[in-house]
Number of protein chains: 2
Amino acid sequence: MKAIVVLSGGLDSTTALYHSVKHYHEVEAISFNYGQNHVKELEFAKFHCAHLNIKHTIINLDFSCFESSLLSGGEDIPEGHYEAENMKSTVVPFRNGIMLSYAVGYAENCNAQDVILGSHAGDHTIYPDCREIFTHHMNAAAEAGTYNAIQIVSPFNHLMKWDLVRIGSALGIDYSKTWSCYKGGEKPCGKCGTCVERIEAFEKNKLVDPSDYE
Amino acid sequence: MKAIVVLSGGLDSTTALYHSVKHYHEVEAISFNYGQNHVKELEFAKFHCAHLNIKHTIINLDFSCFESSLLSGGEDIPEGHYEAENMKSTVVPFRNGIMLSYAVGYAENCNAQDVILGSHAGDHTIYPDCREIFTHHMNAAAEAGTYNAIQIVSPFNHLMKWDLVRIGSALGIDYSKTWSCYKGGEKPCGKCGTCVERIEAFEKNKLVDPSDYE
């Protein structure tokens, strides 16, 4: 079985990459350059693919007609927990739908059977295209719309981010080489929704997040 | 109600454009430049949007990692009817999934409710992502994955291509300004699957296809 991992270079998808290498005969990774402020994450995606000797494809997405604070040229990224209403400005409309569709097409093109997502039970309902019901329907569309009946697999669907830190640490992942921060600074800010959450996920495991925060 | 029409510049989607202008309060069109041999179709898409005074957005899709005879640099486009097995070479993996996802994101971004597709009952099952079951699931994914619960609407779902010619002719569409041919020639070839089918659709209406064939 061959799998294509959707790899951002963040904690969740990097954990999914290492997990997939253990569970599939062959693995490739696909990443997206979509004008994100935090394009730095792609350097980390590259690092892990080189480390694992995995083919890595970066696809350029034209999101110039979309508005979001997550995109360069957008407004400032809000700080604080994800629950806050203002995190809504970070939504890129149907971003995951677009990326998943590309990954499904890529999988079909290179004769893979599964597309792997690092999504988990702690993903936020402020992003409609992170909800489990969305992935469920998207999977049905992928299965119907490809010769290979491609499946979208979320191995961490019933786990929380701190579970991923536990699993990934056991797999020997160097989490200092992952990027979660939504700002595009030299170092992660430690204050935006993703940073706050990530720090807590390590604390729950009595670990210290190895990121070099501002 | 506002609708976004997925417009290729071909016969089907151009008919959907004129049909939507009649049925919606506001209409925009979205087209894709994906390295297709027949990129010429975009000139016709532009023509009709200008004619109808409709906002038109062209999105660049990076399909450089996909193989298909439909893409520039691919093998030759086969000739003859669609049913032939060799038309399979024109499949671009999950192309419609990718385009529809973009259209759904675009619709969400500009506060539209519906995405309009010119697909019809004569679309070919050699393209898995043209099948009705695919659009059904994709619609469910769009609804679940957006705040606006975007709907994908195929108004011609139970009609054949010749019905579209009848409807569009009544709407006054100048079909000489649409492009269906899969080859990138100066004039349409009249021999590939789309050309053959289009000529027949006019004949069924006792009309002559106004295209200037080779």
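Two residues are in contact here if their C-beta atoms, placed from the backbone, lie within 7 Å. The model is predicted. By that cut-off, chain B brings 32 residues to the contact and chain A brings 32 residues.

Which elements build the side of chain B that touches chain A? Three elements of chain B each supply at least two residues: β3 (55-60), α3 (95-109) and α4 (132-144). Helix α3(B) gives the most, with 10 residues. By residue type, this side of chain B divides into 17 nonpolar, 9 polar and 6 charged.

Now turn to how the copies are related. Two copies of a chain are related by a rotation about an axis and a shift along it. For this pair, a rotation of 180° with 0.0 Å of shift along its axis superposes chain B on chain A. The RMSD of that superposition is 0.0 Å. That is the relation of a two-fold axis. The same surface serves both copies, as 100% of the contact residues of chain B recur in chain A.

Next, follow β3(B) away from the contact and into its own chain. Strand β2 (residues 26-33) of chain B pairs with β3(B). The sense is parallel, and the pairing runs over 6 bridges. At one point, Ser31(B) has Ile58(B) in β3(B) as its bridge partner. How does the chain get from β2(B) to β3(B)? The path crosses through helix α2 (residues 41-52) of chain B. This β-α-β crossover is right-handed.

Definitions and conventions. Residues numbered from 1 in each chain as written. Chains lettered and ligands numbered in written order. Predicted model: local features only at pLDDT ≥ 70, side-chain atom pairs only at ≥ 80, totals over all residues. Least-squares fit on C-alpha atoms with pLDDT ≥ 70 in both. Helix = DSSP H or I, 4+ residues; strand = E, 2+ residues; numbered from the N terminus. Nonpolar A, V, L, I, M, F, W, Y, C, P; charged D, E, K, R; others polar. Pairing = 2+ DSSP bridges. Right-handed = clockwise from strand over helix to strand, strands pointing away.
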